[in-house]
Amino acid sequence: MKKNKNKEAFAIVTGASKGLGYSYCEELLKLGYNVIGVARDTESLKNLQEKYVDLKVESWNIDLSNPEGATNLYEKAKNFDIEILINNAGYGVWGYFDQTDLEQEMNMIDLNIKTLHILTKLFVEYFKEKDKGRVLNIGSMASFTPAPVFSSYYASKAYVWSLGVAINTELKKTKSKVRVITLCPGPLKTDFWNRSSNQNEAKYKSNVKVMKTNVYARKSLYSGLNTKRKNYIVTGKINKFIKWITKWAPESTVLNSVYNYQRKRK
Ligand SMILES: NC(=O)c1ccc[n+]([C@@H]2O[C@H](COP(=O)([O-])OP(=O)(O)OC[C@H]3O[C@@H](n4cnc5c(N)ncnc54)[C@H](OP(=O)(O)O)[C@@H]3O)[C@@H](O)[C@H]2O)c1
């Protein structure tokens, strides 16, 4: 992939302290972008600053489940030359709907939906002004189907996909160079599963071979930064097959298999 030549260019990554966000930070640094990493605790990003000494790694501790955090982030970021925003911070609330905690679900909705919406809006306006820039929103394979026993998380990712696809279509129709691309990962082995099921050692159940997080980050970043026509990116043959089958299989078959997959998580 082409290296970034603008020495002042920054990419913002939310949820940068671990998992997929941390991998995105590293892949962006490899491409020559300075990085602003955002999370509640960004201590881990010191490692990246030590490794990539010629580039800047800004570490901003912000709780993005408070939508005010999103506007504060934007106000602070305006002083930098931002070219990429990756809205990655997110988590799930696993369990039967009558047993999950409402407060946790509202916090998740604030992070996965409200903050992502606010940042997408503010940065689309900012990028349009410069006629340059990309927002990469992290959706999920969960964007494509409802999920019994993981209902509100899948619904939040359906929102991310629907919003992003619509905005990107507007941008293309109005001949803008700005893009909002939704990246849709399948399962990755990160802390996501522990946080989403309120367990320290969540059982990771999958019969399929899972893509390594850094490999997924590299591949999806490449597609997300380079595509001209696509609105969203599904990476990997198995994920593409699952996407295809969820579209064409009867709804009841899809819901039964998601139910059977999700209910066994504990
Ligand atoms: N793992 C998967 O299987 C999978 C599959 C599809 C999609 N995804 C999506 O991928 C994205 C990244 O997830 P991951 O798997 O990398 O999970 P992860 O390892 O748990 O990382 C989540 C990141 O988000 C940050 N974060 C959480 N709450 C935050 C808050 N209130 N304010 C600011 N930052 C916050 C965390 O840092 P702090 O705790 O320090 O704040 C961490 O850096 C999420 O949107 C997730 O839904 C994951």
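Colleague: What should I know about the model before reading it?

Modeller: It is a predicted model, in which local features need pLDDT of at least 70 and side-chain atom pairs count only at pLDDT 80 or more, while totals for chains, interfaces and linings use all residues. Residues are numbered from 1 along each chain as its sequence is written, and side-chain values use heavy atoms, with hydrogens and water left out.

Colleague: How many salt bridges does the structure hold?

Modeller: Side chains of opposite charge can pair when their charged atoms come close. A salt bridge is counted when a side-chain nitrogen of Lys or Arg lies within 4 Å of a carboxyl oxygen of Asp or Glu, and the structure holds nine of them. One of them joins the side chains of Lys78 and Glu75, at 3.1 Å from N to O.

Colleague: Which residue forms a salt bridge with Glu83?

Modeller: The partner of Glu83 is Lys132, with the closest N and O atoms 3.1 Å apart. This pair links distant parts of the chain, since Glu83 belongs to strand S4 (residues 81-87) and Lys132 to the loop between helix H4 (102-130) and strand S5 (134-138), 49 residues apart. Helices (H or I, at least four residues) and strands (E, at least two) are DSSP runs, numbered from the N terminus.

Colleague: Is Glu83 buried or exposed?

Modeller: Buried means under 20% relative accessible area, exposed means over 50%, and partly exposed lies in between, using a 1.4 Å probe and protein chains only. Glu83 is buried because its relative accessible area is 9%, whereas Lys132, at 44%, counts as partly exposed.

Colleague: Where in the chain are Asp131 and Lys177?

Modeller: The side chains of Asp131 and Lys177 meet in a salt bridge of 3.7 Å, N to O. Asp131 sits in the loop between H4 and S5, and Lys177 in the loop between helix H5 (151-173) and strand S6 (179-184), 46 residues apart. Asp131 is partly exposed at 35%, and Lys177 is exposed at 60%.

Colleague: Which residues form the nonpolar patch on the surface?

Modeller: Patches are made of residues with over 30% relative accessible area and no salt bridge, where like charges are joined within 9 Å and nonpolar side chains (Val, Leu, Ile, Met, Phe, Trp, Tyr) within 5 Å. Here the patch consists of Ile238, Phe241, Ile242, Trp244, Ile245 and Trp248, with about 640 Å² of accessible area together, an area that comes from the Shrake-Rupley method with a 1.4 Å probe, where for residues only the protein chains shown count as cover. Ile242 is found in helix H8 (residues 237-248).
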